[in-house]
Every structure is written in C-alpha cells, then in structure tokens.
Amino acid sequence: MQRRQPTSTRRNGSFPFAGALNAKSKSSPLLSICLVLVGAILLLVYAFSGPGLFGGTKIVSKIEGDFSCTLELQRAIPILKKAFGDSMRKVLHVGPDTCSVVSKLLKEGETEAWGIEPYDIEDADGNCKSLVNKGIVRVADIKFPLPYRSKSFSHVIVSDALDYLSPKYLNKTLPEFARVSSDGLVIFTGSPGQQKAKVNELSKFGRPAKMRSSSWWIRFFVQTSLEEDEGAAKKFKQAASKQSYKPGCQVFHLNSYH
C-alpha cells in the first residue's frame with residue numbers, strides 16, 4: 001500500500017488552515033476556541049443523527065437500492081396467475097420482504113403461499129410477525145438446504161435474493177429451489193446498470209448486489225442442469241402483452257427437477 005507524501009500545507013500545524021490562522025492573528029485565541037466548539041458540535045450532531053463512523057447502519061427488513069425486484073414481482077402476480085392458472089396452487093416465495101409478497105398471494109385466493117426471508121426482520125410489522133408466528137414465513141439462510149421436502153410446492157418464486165450470492169453459493173441454492181418445486185421456478189433478478197449497490201447493504205446482505213446479464217444467467221443455468229421452461233415463458237409473455245405489462249427486472253422461467 002502506498003503511503004501518502006506529506007504536503008506543504010501541513011508544515012505549520014496538524015490542520016491545513018493552521019498556518020493561515022497563525023499568519024493572520026496569533027493574538028486571537030477566541031477565534032480558535034469558537035472553531036473548536038463548532039467542530040465539536042458538528043461531530044456530535046453527525047454521531048447521533050445517522051449512519052457513519054459512530055452510528056453504524058441499522059439492519060432493516062426493507063430492500064435498499066434504487067430498484068426492487070420484489071416490488072416488481074408484486075406487480076407481476078396477476079400476470080403470473082393468468083399465465084399459470086390453476087397450476088399455481090402452492091407457492092413458495094424466497095427473498096427480502098417476503099411477507100408482503102405472501103400477503104398479496106393469499107389475497108388472490110385459491111393459492112397457498114409460503115415465504116422464506118433470507119435476512120433479518122426485526123423491524124417487521126404486525127402482519128409479518130403474525131405470518132412468522134404461524135410458520136407461514138420462515139427466516140432461513142438460503143445458502144443452506146431448505147427445510148422442505150422435495151416437490152413441496154408447485155412453484156418457487158425468487159426475487160432480490162440471488163443477486164447477492166456468489167457463484168459458489170448459487171451452485172447450492174438454485175438446485176434447492178428446483179428440488180422443492182414441482183411445476184416450475186420463476187426468478188426475478190436485476191439487470192446490469194439498473195441497481196446501484198450501496199455500502200450500507202453490506203451489513204445486511206454480506207456483499208453488494210451483483211447485477212448479471214441474461215447471457216450470464218443462461219450459461220449458469222446450463223451449468224447447474226436447469227432448463228428453461230419455454231412453455232411457461234411463452235404464456236407469461238402473452239399474458240404480459242395483453243395487459244401491457246413490461247417487466248422492470250429480468251424474469252427467468254425454469255423447469256423443476258424431475
């Protein structure tokens with residue numbers, strides 16, 4: 001690591017403006033005292049008012065970023081219902097804010113909905129806590145095997161979860177999603193340039209989001225022996241076209257393991 005070279009501005013003191021103060025007036029200690037007091041007040045305000053060196057970041061249950069594929073999924077639920085019809089009978093959603101997705105699916109009627117929340121939900125609202133207490137929503141690390149038997153769900157829908165996993169863990173996680181589903185896997189991911197990874201996401205997700213291209217995902221699906229469900233993709237596209245819906249995220253339809 002290169003060391004910074006000292007600059008001439010630091011010869012007269014520990015601060016760049018110290019020389020200027022000494023040059024202008026050595027007999028004005030009141031000015032120096034006022035500057036110190038103002039600096040101390042600003043530091044105290046910064047420390048107690050928000051994230052930073054002192055305050056840190058607070059882990060919350062909401063998606064942090066410029067765009068949320070979980071919100072996009074909620075817009076797409078009527079399209080998915082139209083495309084899959086009665087086969088979309090028992091759904092597992094995996095991703096942040098899964099409580100909101102599960103609640104919307106349950107309101108649709110004739111669909112059983114369950115959720116896996118990969119991250120902390122300590123700030124969850126009453127409705128979400130109720131879903132957790134009932135066992136409908138679980139908090140689980142998706143880098144490990146899911147607590148469900150094979151083909152427990154007709155469909156598994158994933159949003160805002162895979163973008164934060166490295167290929168090492170994707171190799172384990174994606175096959176698990178395909179294992180617990182019987183009729184298909186639907187994945188909503190961000191697109192390159194669409195979302196900006198923020199520094200404060202690191203405390204929650206462990207790493208910044210990695211926005212991968214569709215070609216990258218297709219190659220990865222092939223490597224993990226996951227095949228595209230062309231029939232489902234076609235039905236989704238047709239249903240989206242009829243309702244003038246254009247996905248804001250990349251949407252992939254994959255076959256379950258048989």
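**Helix pair and pocket**

Mentor: The crossing of α3 and α4 is right-handed, where right-handed means that the near helix is turned clockwise from the far one by less than a right angle. Helices here are DSSP runs (H or I, at least four residues), and strands likewise (E, at least two), numbered from the N terminus. The model is predicted, with local features needing pLDDT of at least 70 and side-chain atom pairs pLDDT 80 or more, while totals for chains, interfaces and linings use all residues. Residues are numbered from 1 along each chain, and side-chain values use heavy atoms, without hydrogens and water.

Trainee: Which residues of α3 and α4 make the contact?
Mentor: Contact means heavy atoms within 4.5 Å. Thr70, Leu73, Gln74, Ile77 and Lys81 of α3 meet Ser100, Val101, Lys104, Leu105 and Glu108 of α4.

Trainee: At what angle do α3 and α4 pack?
Mentor: Axes are lines fitted to C-alpha atoms over the stretch in contact, and angles run from 0 to 180 degrees between N-to-C directions. For α3 (residues 69–84) and α4 (residues 98–108) the angle is about 20°, with the axes 10 Å apart. The two helices are therefore roughly parallel (angles under 35 degrees).

Trainee: What is the volume of the largest pocket?
Mentor: A pocket is an open set of points on a 1 Å grid where a 1.4 Å probe fits, with protein on both sides within 12 Å along at least five of seven lines. A volume is the space filled by probe spheres set on the points. Here the largest pocket has about 390 Å³.

Trainee: Which element gives the largest share of its lining?
Mentor: Lining residues have an atom within 4 Å of a point. Strand β6 gives the largest share, five residues.

Definitions and conventions: Angles under 35 degrees count as roughly parallel, over 145 as roughly antiparallel, 65 to 115 as roughly perpendicular and the rest as oblique.
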